[in-house]
Amino acid sequence: MLAVALLLGACQTIVPRGPAPAPVQDRPVDRPAPVERPVFDADIPRDTQRHRVALLLPLSGGNAGVGQSIANATQLALLDTQSQQVRITNYDTAPGAAAAARRAIADGAQLILGPLLADDVRAVAPIARAAGVPVISFSNDSSVAGNGAYLMGYAPAQSIARVVEFARGRGVTTFGALVPNGLYGERASTAFLRSVEGAGGQVVSLQTYGRQPGGIAQAVARLNTKAPYDAVMIADGGNPAAVAAPLVKRGAGAATRLLGTELWNSEAGVAAKPQLNGAWFASVSDTFYRQYATKYRTRFGTAPYRLSSLGYDAVLLTVRIGRDWRIGTAFPESRLRDAGGFSGIDGAFRFGRDNAAERALEVQEIRGGASVVVSPAPSGFGR
């Protein structure tokens, strides 16, 4: 029932909160000459009644836990939709993502779901592009999007922009920020500065920190020399945020509002941290996810990784497009550009000009050990 409702909802649109980006017009895509595919592997059945879809994930090694959880989610989505037109075959990227992609294409894959890691997308994308096979990855690294590779991961820039806009609407005018060193911190810093400027606010101070002991405390001390602030963004996970929170409020004032990113929604127990009480963060909606997690636990005997919903939604998208995708033909990549977007466990999303998923996000407040929605996500996109 959940999957059917989401598939039906995928065709409905509403006007989102705030201006929506202009619809992307389908443009002709220059493709290389078709390559001759190798003969199907003997242990892979030839399908004449179903579309062949490859799922590329780390199924061994250090990331096997999240990889297997996503794979389980795709299986659950196929069962829920009762699709008879899609066959999904798993390929382990841990021994080598490029080899997995070549194997999948040799086996006749017409669409690739995954891989998970940005470096693996870089390895897979040119191989898939040469074969005319689109890639719908679970990465959130925008630098690997384009040329036939699409990203479904949760982009920090979107969650930062959403919570900053919400805070600005609640009277917040001055902002501070704490961001970790590294690629995520660099992108969070850029998104934060642009978001505050775009919302008409003022960034008083932005401090970076390393992961060494005492690093975040030193950054807070520097931040507090510019206090007070109306709000401080902590662009990190729940544990570092809980360390920084009391230090921020001690120096900048107890009324200082704390802001978080999408990372908080991917961690169990964040809402139970009393140091973060009253904080706001933006993320995908958990409304359908809670139902999905219950069903997942019933079937697999364990809780899913939060990221596993990306696999479920990728299958919903594939099944929806598959209704008009003729067996034996190439995947209709232009359908991914539907300006009305798609619906799934994580709410409404659509692929933008940069091939990254633009998501309808909600704002949650940590209150009394729970996360409470204070600004619901729009349920679709206007055309």
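User: How many of the residues of β12 are buried?
Analyst: β12 is mostly covered, with 4 of its 5 residues buried. Bear in mind that this is a predicted model.

User: In which sense does β12 pair with β11?
Analyst: The sense is antiparallel, over 3 bridges, and β11 covers residues 342-344. Phe342 stands opposite Phe349 in β12. The hairpin that joins β11 to β12 goes through 2 residues.

User: And how many bridges link β12 and β13?
Analyst: There are 3 bridges, in the antiparallel sense, and β13 is residues 357-359. Arg350 stands opposite Glu358 in β13.

User: What about the turn between β12 and β13?
Analyst: This hairpin has 5 residues between the strands. Asn355 in the turn has a positive phi of about 70°.

User: Now Phe351. What does Phe351 touch?
Analyst: Leaving out residues up to four places away in sequence, Phe351 touches Ile136, Tyr150, Leu151, Met152, Leu317, Leu336, Arg337, Ala356 and Ala357.

User: Which residues touch the most other members of the largest nonpolar core?
Analyst: Leu113, Phe138 and Phe351 do, in a core of 41 residues. At least two residues each come from β1, α2 (64-81), β3, α9 (287-300), α10 and β12 (347-351). α10 gives the most, with 8 residues.

User: What does the second core include?
Analyst: That core is separate and has 23 residues, including Leu56, Ile112, Ala128 and Leu151.

User: Switching to the open sheet. What is its strand order?
Analyst: The order is β2-β1-β3-β4-β5, 5 strands with parallel pairing. The edge strands are β2 (86-92) and β5 (149-151), and each pairs on one side only. From one strand to the next the twist averages 25°.

User: How many bridges join β1 to β3?
Analyst: Strand β1 (residues 51-57) is joined to strand β3 (residues 111-113) by 3 bridges, and they run parallel. Ala54 stands opposite Ile112 in β3.

User: Which strands does α10 touch on that sheet?
Analyst: α10 (residues 309-322) touches β1, β2, β3 and β4 (135-137). Its direction makes about 160° with that of β3.

User: And where does α3 lie?
Analyst: α3 (residues 97-106) lies across β1 and β2. The helix runs at about 170° to β1.

User: Is Gln110 buried or exposed, and why?
Analyst: Gln110 counts as buried because its relative accessibility is 13%, and the cut-off for buried is under 20%.

User: What lies 3.1 Å from a polar atom of its side chain?
Analyst: The backbone oxygen of Thr329 does.

User: Which residues does Gln110 touch?
Analyst: Gln110 touches His51, Arg52, Val133, Pro134, Trp325, Gly328, Thr329 and Phe331. Residues up to four places away in sequence are not counted there.

User: Last topic, α7. Which residues in α7 are buried?
Analyst: In α7 (residues 215-224), Gly215, Ile216, Ala219, Val220, Leu223 and Asn224 are buried.

User: Why do the buried residues of α7 line one face of the helix?
Analyst: Seen down the axis of α7, they fall within an arc of 165°, so they line one face.

User: What do they pack against?
Analyst: The buried residues of α7 pack against β6 (174-180), β7 (202-209), β8 (231-234) and α8 (238-252).

Notes
Residues are numbered from 1 along each chain as its sequence is written. This is a predicted model: local features need pLDDT of at least 70, side-chain atom pairs count only at pLDDT 80 or more; totals for chains, interfaces and linings use all residues. Side-chain values use heavy atoms; hydrogens and water are left out. Buried means under 20% relative accessible area, exposed over 50%, partly exposed in between (1.4 Å probe, protein chains only). The arc is that of the directions from the helix axis to the C-beta atoms. Contact means heavy atoms within 4.5 Å. Two strands pair if DSSP finds at least two bridges between them. Axes are lines fitted to C-alpha atoms, for helices over the stretch in contact, and angles run from 0 to 180 degrees between N-to-C directions. A nonpolar core is a set of buried Ala, Val, Leu, Ile, Met, Phe, Trp, Tyr and Cys residues joined through side-chain atoms within 4.5 Å. A polar contact is a pair of N or O atoms within 3.5 Å; within protein, one must be able to donate a hydrogen and the other to accept it, and residues adjacent in sequence count only if both atoms are side-chain atoms.
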